[in-house]
Amino acid sequence: MIFERTTSSPGARFISTPYEPEVNTHSGFNGVVNQSSFIRTRSGVNTPAIKGQSKQDDNVVLIAVMGATGSGKTTFVNLVSGSNLRVGKSLQSCTTKIQLSQTFDIDGRKVLLIDTPGFDDTNHSDADILNMIATFLATMYEDGRKLAGVIYLHRISDIRMGGVSTRSFKMFRWLCGPEALRNVVLLTNVWDGVSLEVGEARENELKSEDKFWKPVLDKGAQVFRHDNTVGSAQAIVRYLVDKYPLPLRIQTELVDEHKHLTDTAAGAELNRELMQQIEKHRDELKTLQEEMREAINARDEETKKELEMERNQLQAEMTSLQAHSQKLATEYNEQKERFRHKVEEYQRQAEEEKRRQEVAIDDLKQQLSRNESNSEAEQGRLQKLLVELQEQYDAVQKSGVFTSVGRALDNFFARF
Ligand SMILES: Nc1nc2c(ncn2[C@@H]2O[C@H](COP(=O)(O)OP(=O)(O)O)[C@@H](O)[C@H]2O)c(=O)[nH]1
Ligand SMILES: [Mg+2]
């Protein structure tokens, strides 16, 4: 049995029939085929494609997976793609980097999932996370690669939309914007952590309240349930693979409109929050200084010391908040350029490796065709070697440019 949304009902429910994917026929343009040239003419983006990229991977359907830390993003990605990305064991976040799944097939389509870090990371500021996600998404979009969809995960077992969930959802909305919501799945999981009755009551609340998911559903997002089986994960991906790919708001803002990160909806919102916190700290500091004056007048050494400690802590927090705001303002452009170069560097290496492998395969084939000079045992050995080489070659080619993008992500964000 799989959990899916049926078209006849506004709710998500358990159904056991195979799901019919929505077929998209916008302008006769089907899915992501040849989207590179499409986007350049449509959006006027003239940034060159990542050098050396093989056109073969233009067919890859890209789907991003977002949500709070611990919501099950990596588990979902691994389950449906057969990848082996690291899953969090504790509340400490684990996927602080963007990670790419291996490509996998759904109904003959080659799919790749993008596992993203949550904005509630224990070790990294929101500014860092936003910089990273923006860098990646803008680089992909410049290269003509749009997302067929976004899966936003939410644990239905959580008592309510707490601070972390609310904030995470808010950041997701700022990044996504209204247009791409048609390609969004709001996915509830961990149904085994709650009774069906309670889970459904929560789900209804999420769907019907303006402060939760209703505005997003009104703009075309869909709610699905995931029961942690491969079947249910595949059904969700199947729903998205034929979607007409759309850029996220942050992508059009950064690439088409050439906005600075701080001027994008997500960047501006984050900066506004940082400024608000700084302002709040400033007020607290004023009150503290007042109290300190009183303590000094009253020669109350103990209180004065306590207040001093509090003040130092507040000042340190303010400095850190200011640094985050500064990072938003300064880091993105340079980081994106460096990231692009890294991808290109790995892409060049991959092309060289590809050529080496092709030469080796050709050599072997020639040796085999001159079989009169070889013994039967030698022929068998060469044949086996040829199969191995061909397999290696095919495996690398399958992911195409994404092997290089994945390497760049792993190495570029190594400090994360
Ligand atoms: N019961 C249950 N646990 C899950 C499910 N998905 C993930 N988990 C668990 O939730 C924890 C966090 O998962 P992870 O995939 O690392 O979350 P991420 O931070 O969003 O990538 C792990 O211990 C998973 O085993 C699910 O559908 N059901
Ligand atoms: Mg993770």
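Mentor: Two strands pair if DSSP finds at least two bridges between them. Keep that in mind for this predicted model.

Trainee: What makes β3 and β7 a pair?

Mentor: Strand β3 (residues 61-67) is joined to β7 by 5 bridges. The rule asks for at least two bridges, so the two strands pair. They run parallel, and V65 stands opposite I151 in β7.

Trainee: How do you know that β7 also pairs with β8?

Mentor: The same rule applies. There are 6 bridges between β7 and strand β8 (residues 184-189), in the parallel sense. At least two are needed, so this is a pair as well. One place to look is L153, whose bridge partner in β8 is L187.

Trainee: Why is R202 called buried?

Mentor: Count the other C-beta atoms within 10 Å of its own: there are 20. R202 is found in helix α5 (residues 196-208).

Trainee: How many residues along the chain lie between R202 and S157, and what is the distance between their C-alpha atoms?

Mentor: R202 and S157 are 45 residues apart along the chain, and their C-alpha atoms are separated by 9.0 Å.

Trainee: How do you know that the length of α3 is close to what is expected?

Mentor: Helix α3 (residues 126-142) has 17 residues. The expected span is 1.5 Å times one less than the number of residues, which is given as 24 Å for α3. From first C-alpha to last, α3 reaches 24 Å, close to that value.

Trainee: What makes α3 mostly covered, and what follows it?

Mentor: In α3, 16 of the 17 residues are buried. The helix is followed by G144, whose phi is positive, near 80 degrees.

Trainee: What does helix α12 reach, and which of its residues are buried?

Mentor: Helix α12 (residues 401-412) has 12 residues and reaches 16 Å, close to the 16 Å expected. Its buried residues include V401, F402, V405 and F412.

Trainee: What does the protein contain as a whole?

Mentor: The protein has 12 helices and 9 strands. Of its 416 residues, 39% are buried. Among contacts with a separation of 6 or more, 76% come from residues 24 or more positions apart.

Technical notes. Residues numbered from 1 in each chain as written. Chains lettered and ligands numbered in written order. Predicted model: local features only at pLDDT ≥ 70, side-chain atom pairs only at ≥ 80, totals over all residues. Helix = DSSP H or I, 4+ residues; strand = E, 2+ residues; numbered from the N terminus. Buried ≥ 20, exposed ≤ 12 C-beta atoms within 10 Å, placed from the backbone. Contact = placed C-beta atoms within 7 Å.
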